[in-house]
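The following explanation leads through a protein structure one region at a time. Please keep the sequence and the coordinates at hand while reading.

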Amino acid sequence: MKKIFLVSICIIGFACSRPDLVKELQNARWIDLTHEFDSTTVYWPTDVNFRHDTVFYGMTDKGYFYSSFKYSAEEHGGTHFDAPVHFRKGGNSVDNVPVSQLHGPAVLIDVSEQCSKNRDYLILTDDINNWEHQHGKIPDGAVILLYTGYEKFWNDHLRYTGTLKKGPEGVAELHFPGLSPEASKWITDYRKVNAIGLDTPSIDFGQSKDFKTHRLLTEAGLTIYENLCNLGELPPEGAYIVALPMKIKGGSGAPLRIVAILPPLPQ
Ligand SMILES: [Zn+2]
């Protein structure tokens, strides 16, 4: 993608020195695509909620302040990362995904209008192709971000997931958009991307029973980001994504801190 500013500073050849990159990054706009973790964070209906318990908070008997907490969490709740081993035996676990796969130019595909009319919307190859007609071929190493608009329902679990029930009953009532298996297959067959993320609880739509999109993407070695936020602030192209999951050895997924880097606004 020609307009990626981090790359553009390097096309000057020898002028591409390290201080230039440092300066670009210092002046860049950084957008957090990560939700906070607390006891209200969205987890799968069959999972346990995030826990954050106080170990110590206050003045010590030595006269200084000290605070420390402990947390526990399922791998696949809140803003999180799916490693290929999540749905592919022998696939990379979180710790084995190379750092080179944890970043890339953003391709922001806006399907919020389609999803506002249909909670069960399946994002199609046509939606991907529409982006390409306007912006060119999805570049190698890209991070595709699917903006469904559901990020705005985050604090309203019923609207965000379709249900307030827990357990298998809750799973049966999940209704939110996702990426169709057909589009997943097209992406993995014809494009070379690092990851696909979106602002819903799962890359498969809520009513999926076979998680075919997860299976197709992980079979191809892609990683997946779920429960993202602030996608509505991103342009269709020109942002750079850095997505760093907790490095859980053997993990099938992990809590994820993910940011978008954008050129500074013109002054
Ligand atoms: Zn997951």
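**A walk through the model**

Just after helix α8, glycine 221 adopts a positive phi of about 85°. Helices here are DSSP runs of H or I with at least four residues, strands are runs of E with at least two, and both are numbered from the N terminus. This is a predicted model, in which local features need pLDDT of at least 70 and side-chain atom pairs count only at pLDDT 80 or more, while totals for chains, interfaces and linings use all residues. Residues are numbered from 1 along each chain as its sequence is written.

A residue is called buried if 20 or more other C-beta atoms lie within 10 Å of its own, exposed if 12 or fewer do, and partly exposed in between, with C-beta atoms placed from the backbone.

The axes of α7 (residues 181–190) and α8 (residues 212–219) come within 9 Å and cross at roughly 10°. Such axes are lines fitted to C-alpha atoms, for helices over the stretch in contact, and the angles run from 0 to 180 degrees between N-to-C directions. The two helices α7 and α8 are therefore roughly parallel to each other; angles under 35 degrees receive that description, those over 145 count as roughly antiparallel, those from 65 to 115 as roughly perpendicular, and the rest as oblique. On the α7 side the contact is made by Pro181, Ser184, Lys185 and Thr188, and on the α8 side by Lys212, Thr213, Leu216 and Leu217. Contact here means that the C-beta atoms of two residues, placed from the backbone, lie within 7 Å. By class, the contact of α7 with α8 has 3 nonpolar, 3 polar and 2 charged residues, where Ala, Val, Leu, Ile, Met, Phe, Trp, Tyr, Cys and Pro count as nonpolar, Asp, Glu, Lys and Arg as charged, and the others, Gly among them, as polar.

Two residues in loops on either side of this region deserve attention for their backbone angles. Phenylalanine 211, in the loop between β9 and α8, has phi near 50°, a positive value in a residue other than glycine. With 16 C-beta neighbours inside 10 Å, phenylalanine 211 counts as partly exposed. Asparagine 227, in the loop between β10 and β11 (237–245), likewise has a positive phi, near 60°, without being a glycine. Asparagine 227 counts as buried, since it has 26 C-beta neighbours inside 10 Å.

Cysteine 115 is placed in helix α3 (residues 112–117) and is buried, with 25 other C-beta atoms within 10 Å. Beyond its neighbours within four places in sequence, cysteine 115 is in contact with Tyr121, Thr148, Gly149, Tyr150 and Pro177.

Tyrosine 150, one of the contacts of cysteine 115, lies in the loop between β7 (142–147) and α5 (157–161). Tyrosine 150 is also buried, with 24 other C-beta atoms within 10 Å. Not counting residues up to four places away in sequence, tyrosine 150 touches Cys115, Tyr160, Phe176, Pro177, Asp199 and Thr200. From tyrosine 150 to threonine 200 the C-alpha distance is 6.2 Å, at a sequence separation of 50 residues.

Leucine 262 belongs to strand β12 (residues 253–262) and counts as partly exposed, with 18 C-beta neighbours inside 10 Å. Its contacts, not counting residues up to four places away in sequence, are Ala28, Arg29, Ile31, Gly238 and Ala239.

The overall picture comes last. The protein has 8 helices and 12 strands, and buried residues make up 37% of its 267 residues. Among contacts between residues at least 6 apart in sequence, 75% join residues at least 24 apart. The mean pLDDT, the predictor's confidence in each residue from 0 to 100, is 94, and 93% of residues reach 70 or more. Over residues 7–15, however, pLDDT stays under 50, and the model has 5 contacts beyond four places in sequence for them.
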